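Keep the structure open beside the text and follow along.

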Amino acid sequence: MAISAESQIQIDNADVRVTQWRLPPGGATGHHRHEMDYVIVPVIAGEMTIVAPDGSRSKAQLAAGQSYFRKAGVEHDVLNETYIDIVFLEVELKP
């Protein structure tokens, strides 16, 4: 059983919600669906394992400060199968 990811909401207003996520080694977010468009801002470099709803797995390389954008509707679980913490900010754009 995976360790739960830690989350801390930093901003939550009418326009955005900014959450800091920390996945320790062996950590996972749990399967979830993104209801809003969002931007991920990695705080430190690392590698995430992404598990799609069908169980397929892929690796995502994170570079500190190198953001990426995804549209609402993405479904996945995010795992940390490395030996270092994964830390990133999730900026959700409210409609």
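## Overall fold

Helices (H or I, at least four residues) and strands (E, at least two) are DSSP runs, numbered from the N terminus. With that in hand, the protein chain reads β-β-β-β-β-β-β-β-β-β-β along its sequence, with zero helices and eleven strands. Its radius of gyration is 13 Å, close to the 12 Å that the globule rule gives for 95 residues, so the chain is as compact as a globular protein of that length. That radius is taken over C-alpha atoms, and the globule rule is 2.2 Å times the number of residues to the power 0.38. Along the principal axes, the C-alpha atoms fill a box of roughly 35 × 30 × 25 Å.

A word on the ground rules: this is a predicted model, in which local features need pLDDT of at least 70 and side-chain atom pairs count only at pLDDT 80 or more, while totals for chains, interfaces and linings use all residues. Residues are numbered from 1 along each chain as its sequence is written, and side-chain values use heavy atoms, with hydrogens and water left out.

## Burial and contacts

Of the 95 residues, 34% count as buried. Here buried means under 20% relative accessible area, exposed over 50%, and partly exposed in between (1.4 Å probe, protein chains only). Among contacts with a separation of 6 or more, 69% come from residues 24 or more positions apart; a contact means heavy atoms within 4.5 Å.

## Salt bridges

Side chains of opposite charge can pair when their charged atoms come close. A salt bridge here is a side-chain nitrogen of Lys or Arg within 4 Å of a carboxyl oxygen of Asp or Glu, and the count comes to eight. One of them joins Arg17 and Glu92, at 2.7 Å from N to O. Arg17 lies in strand S3 (residues 16-23) and Glu92 in strand S11 (residues 86-93), so this pair ties together parts 75 residues apart in sequence. Arg17 is partly exposed at 22% relative accessibility, whereas Glu92 is buried at 8%.

Strand S3 also holds Arg22, whose partner Asp85 sits in the loop between strand S10 (75-79) and S11, 63 residues apart. Arg22 is partly exposed at 29%, and Asp85 is partly exposed at 28%. The loop between S10 and S11 holds Glu81 as well, and its partner Arg57 is in strand S8 (residues 57-62), so parts 24 residues apart in sequence are tied together. Glu81 is partly exposed at 39%, as is Arg57 at 49%. Elsewhere, salt bridges that share partners join Arg33, Glu35 and Glu75 into one network.

## The largest pocket

How much space lies in the largest pocket? The volume is about 270 Å³, counted as the space filled by probe spheres set on grid points joined across faces, edges and corners. On a 1 Å grid over the protein atoms alone, using a 1.4 Å probe, a pocket is an open set of points with protein on both sides within 12 Å along at least five of seven lines, and lining residues have an atom within 4 Å of a point.

Of the 18 lining residues, the closest to the centre are Tyr38, Met48, Ile50, Tyr68 and His76. S8 gives the most to the lining, with three residues. The lining divides into eleven nonpolar, five polar and two charged residues. Ala, Val, Leu, Ile, Met, Phe, Trp, Tyr, Cys and Pro count as nonpolar, Asp, Glu, Lys and Arg as charged, and the others, Gly among them, as polar.
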